[in-house]
Amino acid sequence: SPGAARRGGGACFQRAVRARERLLDAEVNTRKKTFAEVQTERLEQAERTILIKCPPKINEKKLLQYLSSHGKINSHFFFENRGIHALIEFSEKNSIASLQDVIGIPSATEHHVVPFKSRLFTFTLKNPVGQAAAETPIHFAPQSHIPVKDLIQKLCSADSISSQMYSLLNEYQLTEENIKLRFLACSLVRDFARAYFPDSVVKPFGSSVNTFGKLGCDVDMFLDFHETRKHTTKMKKGPFEMEYQMKRLPSERLATQKILSVIGDCLDHFGPGCVSVQKILNARCPLVKFSHQPTGFQCDLSVSNSIAIKSSELLYIYGCLDSRVRALVFSIRCWARVHGLTNSVPGAWITNFSLTMMVMFFLQKRSPPIIPTLDRLRELADEEDKHVIGGYDCSFVSDLSKINPTKNKETLDVLLCDFFEYFGNFDFRKNSINLRKGKEVNKPESSPLYIWNPFEQDLNISKNVNQPQLEKFVALARESAWILQKEDKTQRMVNKEPWGLAALLIPFGKSNPDKIKNRVKGIGSETIKSLLDSLKLSSVNSLQKAVGK
């Protein structure tokens with residue numbers, strides 16, 4: 001019967017979710033590589049990789065057979081982005097050179113081509129009819145997450161909020177294929193940078209590498225001259241001191257602007273697939289924005305910001321320590337986006353980075369803590385981990401095996417509800433959030449939301465957030481806690497209504513304003529009434545008294 005089929009499908013879904021949970025826990029237990037080791041491995045992998053634009057009718061077996069004649073293929077996958085593309089990772093870098101030797105230059109009948117030989121190729125079929133006859137369906141690796149409405153439907157098949165949260169994580173997190181594509185995009189930009197600076201490297205940072213990136217997020221990359229700086233010590237042997245003759249400029253900022261200006265022009269004029277190039281050189285952190293059409297990524301290129309890299313590494317460590325950390329962050333960030341608390345356009349909204357730091361702080365506050373404070377990680381650091389950047393102490397342990405696993409066994413169901421409860425009642429008027437200490441401290445200035453930069457301790461990472469946005473966050477957090485505490489899961493499942501996390505991913509004001517009003521009448525709560533007012537955002541000060549109660 002259809003009902004039995006649905007139940008069978010639900011059982012399959014549950015088994016898949018539980019298997020995923022076990023896999024995540026296994027990953028946490030076995031993942032011992034340091035952030036630097038992972039970066040190095042991925043960058044080296046990217047240098048052995050090419051990207052091919054394929055014809056609409058492609059025979060996977062024949063394509064791989066042809067490419068294998070140039071060397072062993074480690075891995076490959078297909079994806080759709082303005083047509084079919086194949087990412088091919090060879091075992092040896094010289095396989096690419098072998099392939100490049102037989103690749104032709106495009107004929108310049110209408111346009112003159114820029115003769116830059118990249119690792120981006122276009123393949124066409126000599127005999128399309130015969131090839132199509134042997135065609136078998138190709139599996140495409142997803143490059144974006146499913147729409148929220150489809151996610152909600154999927155979450156309703158779970159048996160607990162914890163399962164829902166792991167399912168959301170599974171749908172939204174970067175896949176192995178997508179990560180490879182991100183490092184390839186950096187490697188292709190590096191090919192241009194090395195024309196000017198042979199020792200330079202282009203590395204991703206932020207969400208692409210910190211374990212908290214979701215499918216579809218931008219690629220933040222930076223041009224690193226670390227290898228060049230290693231040679232700053234002058235040669236001591238012999239009667240001479242030797243050094244390079246280099247252009248001298250009055251400031252590091254000016255040097256950064258000039259470097260990015262040239263690389264930006266180079267990508268704009270000569271970079272295959274690099275379009276919509278914008279040079280934003282007068283920003284606090286100068287950068288070049290561009291769209292990389294072959295991979296489908298929006299990219300931001302800056303010059304090495306060592307503190308931003310340390311922030312990426314810190315989040316990488318937190319994400320690797322416990323499978324609940326990432327599941328909670330992904331759920332909270334999805335919730336925030338649905339309710340308009342975060343936005344891809346810069347403004348007064350809470351950023352994903354600020355929201356992630358709030359989750360980390362909350363997890364430090366649990367009893368016992370689920371993740372350690374930054375001060376604790378600094379205590380575990382050895383000599384190799386000591387880093388002072390621009391006068392700021394950025395030292396913390398890099399070896400994950402030195403950090404004792406938490407004894408906290410709380411379920412994600414509990415953590416999700418308690419997160420909303422905690423920040424729905426946080427005294428934002430008086431207190432700030434400090435991940436170094438893992439405790440609330442008095443605000444050093446009057447910004448509505450004050451989250452200390454983990455390293456640059458005189459900076460507030462949430463300085464952009466205004467009072468109405470903070471009040472909206474508090475209102476929605478309280479309303480979400482109320483829904484999770486009061487809902488009857490069984491009744492909702494019988495009525496086929498979204499429940500648990502799924503119920504939180506429907507905009508409250510739009511979908512069920514009458515239900516919220518009825519709740520207010522039912523419990524006669526002035527607090528809930530004030531939440532309704534704040535959701536309408538009719539008054540800037542509507543929740544001034546509620547914030548911090």
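Leaving aside its neighbours within four places in sequence, which residues is Ser480 in contact with?

## Ser480 and its surroundings

Ser480 is in contact (heavy atoms within 4.5 Å) with Trp335, Phe420, Leu504 and Phe508, once its neighbours within four places in sequence are set aside. This is a predicted model, in which local features need pLDDT of at least 70 and side-chain atom pairs count only at pLDDT 80 or more, while totals for chains, interfaces and linings use all residues. Residues are numbered from 1 along each chain as its sequence is written, and side-chain values use heavy atoms, with hydrogens and water left out.

Ser480 belongs to helix α16, residues 467–486, where helices are DSSP runs (H or I, at least four residues) numbered from the N terminus. Because its relative accessibility is 0%, Ser480 counts as buried, a term that means under 20% relative accessible area with a 1.4 Å probe and protein chains only. The side chain of Ser480 also reaches the backbone oxygen of Leu476 at 2.8 Å.

Strand β2 runs antiparallel to β3 (residues 84–90), to which 7 bridges join it, and Ile73 stands opposite Phe90 in β3.

## The annotated domain

An unreviewed UniProt entry places the feature "domain: PAP-associated" at residues 414–449, although such annotations may be inferred rather than shown by experiment. The span is 31% helix and 22% strand, and its end C-alpha atoms lie 25 Å apart.

Conventions: Helices (H or I, at least four residues) and strands (E, at least two) are DSSP runs, numbered from the N terminus. Two strands pair if DSSP finds at least two bridges between them. Buried means under 20% relative accessible area, exposed over 50%, partly exposed in between (1.4 Å probe, protein chains only). A polar contact is a pair of N or O atoms within 3.5 Å; within protein, one must be able to donate a hydrogen and the other to accept it, and residues adjacent in sequence count only if both atoms are side-chain atoms.
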